Amino acid sequence: EGVGPQEYTLIKMKAVQPYPEKLSKAGKKPVFLVAATLRPETMYGQTNCWVRPDMAYIAFETGDGEIFVCTERAARNMSYQGFTKENAVVPIVAKLIGQDILGMALQAPLTAYKTIYTLPMLTIKPDKGTGVVTSVPSDAPDDFAALRDLKNKAPFREKYNIKDDMVIPYDPVPIIDVPSFGNLCAVTVCEQLKIKSQNDKDKLQEAKEKVYLEGFYKGVMLVGAYKGQKVQDVKKQVQGEMIAKKEAVLYME
Ligand code: A2H
């Protein structure tokens, strides 16, 4: 962790009606699962959203009358950053655990998949970002390992009531070419290091370190409006476009 505040892009993943029972108090207000990412330019490759089944989340109302779902800790931070009607006040609409919001259908910005689903990831940290993570298995080793766990293990899907069609049709999408790792860098590096599951902590750390710098400095976009351009030159622009469309917001912690 660095010394200063970290800037994240919050990706607004819009819930498709009907909402789960535990979110019924949202009524007709739009509900968003909000995921903190450092890689806004990878949103073309989203295949699902991660939440941790045993972790606490809340739903709260923003100053714009939208409902955001994230950890209470993140909501409190947001309430000091102009997200809520009143500074430092979080209007809680529902208290949830991850389990309550698994299997939700969502629409997310930039991804080619029309509908994606909330799926379980067991390694989400409660004290970082929003506790909601967007999944880009082409470029994030953690995401690839966790999606592969669900694809390969039917009992894991069954345990959390995840239907096959929320997982099986979703494959990593080539969105960025990284010279030494190809166009699915997370897949390549997970295979090279023989990563077996999302719990392979040390190897996943090594995988992230391997692809991170090279991806940022040498990665080239394969899709979207900035196709052919370098990741480092387009990151801010992709972020800015999502913010202008109200599909994303800046969040600091
Ligand atoms: B990143 P940092 Cl394509 N627990 O977004 C675990 N991981 C979390 C989290 C939490 N509570 N909150 C956010 N994250 C993930 C995209 C991505 C990310 C790509 C490649 C690398 C990457 C798609 N997932 O992160 O500790 C989110 O995943 C590599 C570290 O603040 C977020 O960005 O550096 C990143 O970790 C934030 O981690």
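Strand 3 (residues 48-51) pairs in the parallel sense with strand 8 (residues 116-120) over 3 bridges in this predicted model. Strands are DSSP runs of E with at least two residues, numbered from the N terminus, and two strands are taken to pair if DSSP finds at least two bridges between them. Within this pairing, P120 of strand 8 is the bridge partner of V51. Strand 3 is also joined by 3 bridges to strand 9, with the two running antiparallel; here V133 of strand 9 stands opposite W50.

In a regular strand, side chains alternate between the two faces of the sheet. In strand 3, N48 and W50 point one way and C49 and V51 the other, and all are buried (20 or more other C-beta atoms within 10 Å of the residue's own, with C-beta atoms placed from the backbone).

Strand 9 (133-135) also contributes to the ligand shell, as does strand 2 (31-37); these are the elements that give two or more residues to it. Strand 9 provides the largest share, 3 residues. In total, 19 residues surround the ligand, the closest being T37, G129, V136, D139 and A140; the criterion is a C-beta atom, placed from the backbone, within 6 Å of the molecule. The shell comprises 6 nonpolar, 7 polar and 6 charged residues, where Ala, Val, Leu, Ile, Met, Phe, Trp, Tyr, Cys and Pro count as nonpolar, Asp, Glu, Lys and Arg as charged, and the others, Gly among them, as polar.

The mean pLDDT (the predictor's confidence in each residue, from 0 to 100) of the protein is 97, and 99% of its residues reach 70 or more. The model scores ipTM 0.99 and pTM 0.98. Residues are numbered from 1 along each chain as its sequence is written. Local features require pLDDT of at least 70 and side-chain atom pairs count only at pLDDT 80 or more, while totals for chains, interfaces and linings use all residues.

Methods. Helix = DSSP H or I, 4+ residues; strand = E, 2+ residues; numbered from the N terminus. Buried ≥ 20, exposed ≤ 12 C-beta atoms within 10 Å, placed from the backbone.
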